[in-house]
Protein chains: 2
Amino acid sequence: MTSTEADHRLDDVIEESGVDAYLQFDDSSDVNHRYVTGFEASDAFGYLRYDSESILLVAPLEKGRAEKESNADTIRSTTEFVNDDVRDNITAEAKVLGKFVADYGIDHLGVSRDFDLYFAEQLESEGIEVKTVRDVIMEARTQKSESELESLATAQSITEQAMVYAESIIRESEVVDGILHYENEVLTAERLRIELRQFLMDKQCSLDEAIVACGRLAADPHDVGSGPLEADEPILFDIYPQHESGFWGDMSRTFVKGTPPSEFIHMYQATLDAFEAALGILEEGAGVTGAKVHNKVCDVFEEAGYETIRDGDIDEGFLHSTGHAIGLELHEPPRLVGESGELSTGTVLTVEPGLYIQDYGGVRIEDMVVVEKDGYRNLNDFHYDWEL
Amino acid sequence: MTSTEADHRLDDVIEESGVDAYLQFDDSSDVNHRYVTGFEASDAFGYLRYDSESILLVAPLEKGRAEKESNADTIRSTTEFVNDDVRDNITAEAKVLGKFVADYGIDHLGVSRDFDLYFAEQLESEGIEVKTVRDVIMEARTQKSESELESLATAQSITEQAMVYAESIIRESEVVDGILHYENEVLTAERLRIELRQFLMDKQCSLDEAIVACGRLAADPHDVGSGPLEADEPILFDIYPQHESGFWGDMSRTFVKGTPPSEFIHMYQATLDAFEAALGILEEGAGVTGAKVHNKVCDVFEEAGYETIRDGDIDEGFLHSTGHAIGLELHEPPRLVGESGELSTGTVLTVEPGLYIQDYGGVRIEDMVVVEKDGYRNLNDFHYDWEL
């Protein structure tokens with residue numbers, strides 16, 4: 001089995017920390033654990049990095065599947081260390097972990113920062129010294145591999161298809177007394193979310209939530225939207241499904257059916273200018289700082305007459321960060337904020353400037369990009385027109 | 001604010017453990033944390049039990065909501081302990097926790113078993129002794145309050161409505177060449193799952209998965225089912241949605257459209273007998289052991305000529321536990337297995353005997369019951385006929 005990026009970094013951190021080995025124990029709802037092991041299981045399982053080898057400790061029923069699906073070099077069953085199935089009993093689990101680690105003659109053990117204190121106490125009572133080591137897993141996750149980039153591109157492509165679908169529904173809707181009607185029914189935010197959920201489910205994506213916020217509701221970036229969609233008002237879509245690969249899509253657009261207030265047109269143009277300016281900075285490629293991207297966006301908004309998050313606690317204007325990294329989690333570090341450091345090749349980011357004004361609503365434009373050595377690659381290919 | 005059942009138990013465990021206070025720090029995806037605090041937030045927040053008071057430590061933006069929604073007596077903002085928003089930075093979080101705990105003059109701190117080792121290390125480096133205490137939260141969760149029983153009854157009632165709906169679809173289907181057709185299309189497991197998901201979503205329940213397994217597929221209790229549903233074959237439904245209250249429903253039935261193999265009828269009768277025998281034991285009420293319930297089920301299956309999990313590693317027969325407690329998690333302790341202890345008043349359990357035979361498929365019957373002082377209360381009211 002080839003060692004992964006995470007394995008190599010763990011070998012380095014074992015060396016640097018003066019420990020004999022590195023242990024994680026969790027179920028695969030812990031994203032770092034799933035990432036390092038390449039294995040999914042709802043019961044907790046162990047991962048040990050020792051002597052440049054990866055060893056998985058799983059329940060007996062999971063052994064066959066772990067041999068097929070995981071990244072590990074060796075799979076061991078908990079039955080080697082007890083006579084019983086140990087799930088659901090934390091004390092039994094601690095005993096198994098103790099025997100497992102002792103089997104390799106490990107005295108000094110490095111663990112992840114979120115390692116359960118109870119397990120550490122139990123291992124220490126058996127003479128094993130336990131301490132946390134530097135978190136290199138998140139560092140590894142930030143630099144996407146080729147196959148991870150493909151998975152993200154797939155997730156974002158499906159997300160874009162959902163945006164095309166959302167746009168087509170707005171486009172095909174008829175306006176009756178200022179309210180959008182679709183298939184002879186009032187078109188609500190709730191109905192559109194159900195349509196999007198169904199559309200995405202058919203493409204192996206799950207959608208827990210999506211923002212479909214019309215008019216003033218969209219002035220609060222946390223309002224997911226509700227009720228009938230109206231003509232002549234901005235409708236903000238932010239669609240963020242998770243693909244069955246585990247990777248997320250995330251994309252926003254703002255549309256208007258009809259004639260928006262002239263202030264909206266000003267807001268939209270400022271947001272599009274800020275968006276393009278952010279991409280302009282990202283053309284510098286790896287090494288440019290996230291702060292430079294974010295500050296450029298703030299500059300553009302401020303020149304257009306809006307307040308930004310740089311001004312401190314504000315109620316209107318550009319209220320949030322310029323974007324965030326994305327992968328097996330929807331929001332991963334780094335974020336594009338005033339303190340962001342240099343961006344690395346292979347980091348995947350959303351770029352999502354937006355404006356929020358109580359009397360008019362919200363505008364947000366969001367694509368997903370890959371930072372490359374000499375520039376960036378946009379994973380989206382969708383127009384930037386608001387007019388439907 | 002009235003102290004909750006969990007608060008009282010924590011006061012006892014603080015006393016018993018010789019610590020000054022008890023701390024949890026997590027986001028509300030940790031069910032125990034959500035249960036103790038009554039608060040939901042995607043960023044981690046703190047809960048301190050000190051001097052018979054509950055104190056919440058939240059991000060500044062969450063303070064107002066925490067004051068309205070949480071169980072705590074006092075809400076404090078992280079900005080009291082730093083000048084910055086600390087989310088996304090574990091070292092900053094550790095510093096805030098240290099200052100927060102020190103503000104109460106706490107030297108000896110009890111924490112939950114899953115407390116992050118990294119936080120313990122940081123607190124100890126500031127002179128605070130940290131150790132885990134006995135897990136009394138899960139104990140409290142096992143004894144449902146009146147309002148929790150109402151929430152579970154609601155979740156299970158909606159689950160039963162979904163079962164009524166599933167049954168009606170099978171009933172209304174037409175058989176063409178041995179395959180079920182519904183609304184002029186082949187009726188597949190996938191289609192039925194989509195129908196169930198939509199039905200439950202309209203009733204404020206989310207359904208990640210449901211078993212709709214036809215024929216031999218149902219012989220594997222972990223197969224969720226796929227493909228066209230057939231006449232003259234058992235169709236096993238296991239529906240387990242989560243209500244917006246956080247509580248779960250869980251219910252199983254097995255139907256046949258047409259004429260099943262005679263072996264199925266034998267399997268079904270044995271399962272129904274085992275189910276009724278389990279309820280017969282539960283009539284003894286609180287104090288009866290889960291083991292007695294499970295062993296009675298095994299007795300009935302063995303008398304009917306089937307192997308059971310009591311016989312060790314078996315491939316066919318009664319392959320799993322008789323049931324499990326349920327609440328804010330789908331599977332909670334205790335399980336109804338051979339080693340189960342005495343059941344308490346207010347514990348809510350599934351009772352779900354089943355039989356799995358490679359050549360014929362699977363049968364499972366599952367209701368949800370509340371253990372009461374002198375008996376039990378069945379939260380279901382749905383027939384036990386397989387014939388549609």
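A crossing of two helices is left-handed if the near helix is turned anticlockwise from the far one by less than a right angle, and right-handed if clockwise. The model discussed here is predicted.

Q: What is the handedness of the crossing of α9(B) and α10(B)?
A: Helix α9 covers residues 262–282 of chain B, and helix α10 covers residues 290–303 of chain B. Their axes come within 8 Å. By the clockwise rule, the crossing of α9(B) and α10(B) is right-handed.

Q: Why is α9(B) called roughly antiparallel to α10(B)?
A: The axes of α9(B) and α10(B) cross at roughly 150 degrees. Angles over 145 degrees count as roughly antiparallel. The crossing angle therefore makes α9(B), relative to α10(B), roughly antiparallel.

Q: How many residues of the contact of α9(B) with α10(B) are nonpolar?
A: From α9(B) come residues including Ala270(B), Ala274(B) and Ile281(B). They meet residues of α10(B), among them Val293(B), Val297(B) and Phe301(B). The contact has no polar residues and 3 charged ones, and its nonpolar residues number 10.

Q: Which are the edge strands of the open sheet of 6 strands in chain A?
A: The strand order is β4-β3-β2-β1-β5-β6 in chain A, with mixed pairing. An edge strand pairs on one side only. In this sheet these are β4 (74–77) and β6 (129–132) of chain A.

Q: Which residue in β3(A) does Leu48(A) stand opposite?
A: Strand β2 (residues 45–50) of chain A runs antiparallel to strand β3 (residues 53–58) of chain A. The two are joined by 5 bridges. Across this pair, Leu48(A) faces Ile55(A).

Q: At about what angle to β6(A) does helix α5 of chain A run?
A: Helix α5 spans residues 117–125 of chain A. This helix lies across β1 (21–26), β5 (108–111) and β6 of chain A. Its angle to β6(A) is about 150 degrees.

Q: How many residues does the hairpin between β20(A) and β21(A) pass through?
A: Strands β20 (residues 367–372) and β21 (residues 375–378) of chain A pair in the antiparallel sense over 4 bridges. Val370(A) stands opposite Arg377(A). The hairpin joins β20(A) to β21(A) through a link of 2 residues.

Q: Which element gives the largest share of the side of domain 1 of chain A that touches domain 2 of chain A?
A: The assignment gives chain A domain 1 (5–140) and domain 2 (143–378). Their contact takes 6 residues from domain 1 and 5 residues from domain 2 of chain A. On the domain 1 side, α2 (31–37) and α6 (137–142) of chain A each give two or more residues. The largest share, 3 residues, comes from α2(A).

Definitions and conventions. Residues are numbered from 1 along each chain as its sequence is written. Chains are lettered from A and ligands numbered from 1 in the order in which they are written. This is a predicted model: local features need pLDDT of at least 70, side-chain atom pairs count only at pLDDT 80 or more; totals for chains, interfaces and linings use all residues. Two strands pair if DSSP finds at least two bridges between them. Two residues are in contact if their C-beta atoms, placed from the backbone, lie within 7 Å. Axes are lines fitted to C-alpha atoms, for helices over the stretch in contact, and angles run from 0 to 180 degrees between N-to-C directions. Angles under 35 degrees count as roughly parallel, over 145 as roughly antiparallel, 65 to 115 as roughly perpendicular and the rest as oblique. Ala, Val, Leu, Ile, Met, Phe, Trp, Tyr, Cys and Pro count as nonpolar, Asp, Glu, Lys and Arg as charged, and the others, Gly among them, as polar. Domain bounds come from an automatic or database domain assignment.
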